Amino acid sequence: MPDRAVIFDLDGTLVDTAPDLMRATNFVLAGIGRRPLEMQEVRAFVGHGARALLTRGLTATGGLPDAYDVEPDYRRFVDFYAANIAEDSAPFPGLIGLLDRLKAEGYGLGVCTNKLEGLSVQLLAALDLAKYFGSVVGPDTLGIAKPDPKPFFEAVNRLDLDSPRAIMVGDSETDILTARNAGVPVIAVPFGYTPRPVAEFGPDRLIGHFDEAYDAIEELFAEA
């Protein structure tokens, strides 16, 4: 099955990154006199990149300052996060077993994320996950972010497979829309980061644990 590709979202799908994202966001907020965000807030705000996370955090803690420019705070966030990227982040239960099985059976595996490509590569390496993935595409890779399908197609193309068929695995509306825009099936996980239950967005399959993912992947390819 060398023609089959599985493309994963990163934050909230492969890895529980919320603790380290919260730490970096609260570092920035503390520097401008705002209260820290709580975990449930961060989990609802993640998914559209760090700039959106910061602006949502500011809105929730007193509103955006007049004529606010996110870029200086964004740079402080990125610098802090890069230096503390895997303090408490960890793969979700069952992920390693799934990746081992998919890799052994010849699936092409990639990552399509709205986290910067460099930070994504750094995080995967820190957690010993980089060895599984033949491609990592972020919003800066092509200059465009999910739910535009171009990053997804780029993640597939970089796997260098022969006429590949592909599916998406994600945790949010953004991932569902990316798959729909790309015209591919999508599996959703409910343990990630979304302000509304991901089931509401109509994924082709909803799994509660990565132990269920292999069968769902096989089913979707069989139906294609």
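Student: What is the strand order in the open sheet of 6 strands?
Tutor: This is a predicted model in which local features need pLDDT of at least 70 and side-chain atom pairs pLDDT 80 or more, while totals for chains, interfaces and linings use all residues. Residues are numbered from 1 along each chain as its sequence is written, and side-chain values use heavy atoms, leaving out hydrogens and water. Strands are DSSP runs of E with at least two residues and helices runs of H or I with at least four, numbered from the N terminus; two strands pair if DSSP finds at least two bridges between them. The sheet has parallel pairing, and its order is β5-β4-β1-β6-β7-β8.

Student: Why is one side of β5 and one side of β8 left without a neighbour in the sheet?
Tutor: β5 covers residues 135-137 and β8 covers 205-206. Both stand at the edges, so one side of each lacks a neighbour: each has a single partner strand.

Student: Which residue in β5 stands opposite V111?
Tutor: β4 (residues 108-112) runs parallel to β5, joined to it by 3 bridges. Opposite V111 stands V136.

Student: Over how many bridges do β1 and β4 pair?
Tutor: β1 spans residues 4-8 and pairs with β4 in the parallel sense. V6 stands opposite L109 in β4. The number of bridges between β1 and β4 is 4.

Student: How many residues of β4 are buried?
Tutor: Buried means under 20% relative accessible area, exposed over 50%, and partly exposed in between (1.4 Å probe, protein chains only). G108, G110 and C112 point one way from β4, L109 and V111 point the other way, and all are buried. The count for β4 is 5 of its 5 residues.

Student: Which residue in β7 stands opposite V169?
Tutor: β6 (residues 165-170) and β7 (residues 186-188) are paired in the parallel sense over 3 bridges. Opposite V169 stands I187.

Student: At what angle do α1 and α3 pack?
Tutor: Axes are lines fitted to C-alpha atoms, for helices over the stretch in contact, and angles between N-to-C directions run from 0 to 180 degrees. For α1 (residues 18-31) and α3 (residues 50-60) the axes are 10 Å apart.

Student: Which residues of α3 meet α1?
Tutor: Contact means heavy atoms within 4.5 Å. From α1, the residues involved are L21, T25, V28 and L29. They meet L53, L54, G57 and L58.

Student: Is T174 buried or exposed?
Tutor: T174 is found in helix α9 (residues 173-182). Leaving out residues up to four places away in sequence, T174 touches G47, H48, N114, K146 and P147. With a relative accessible area of 7%, T174 is buried.

Student: What is omega of the cis peptide bond from K146 to P147?
Tutor: P147 sits in the loop between α7 (139-142) and α8 (150-157). The bond from K146 to P147 is cis, with omega near 15°.

Student: What is the phi of A67?
Tutor: A67 lies in the loop between α3 and α4 (70-83) and counts as exposed at 82% relative accessibility. Its phi is positive in a residue other than glycine, near 50°.

Student: What is the phi of D128?
Tutor: D128 is in the loop between α6 (117-126) and β5. With a relative accessible area of 47%, D128 is partly exposed. Although D128 is not a glycine, its phi is positive, about 60°.
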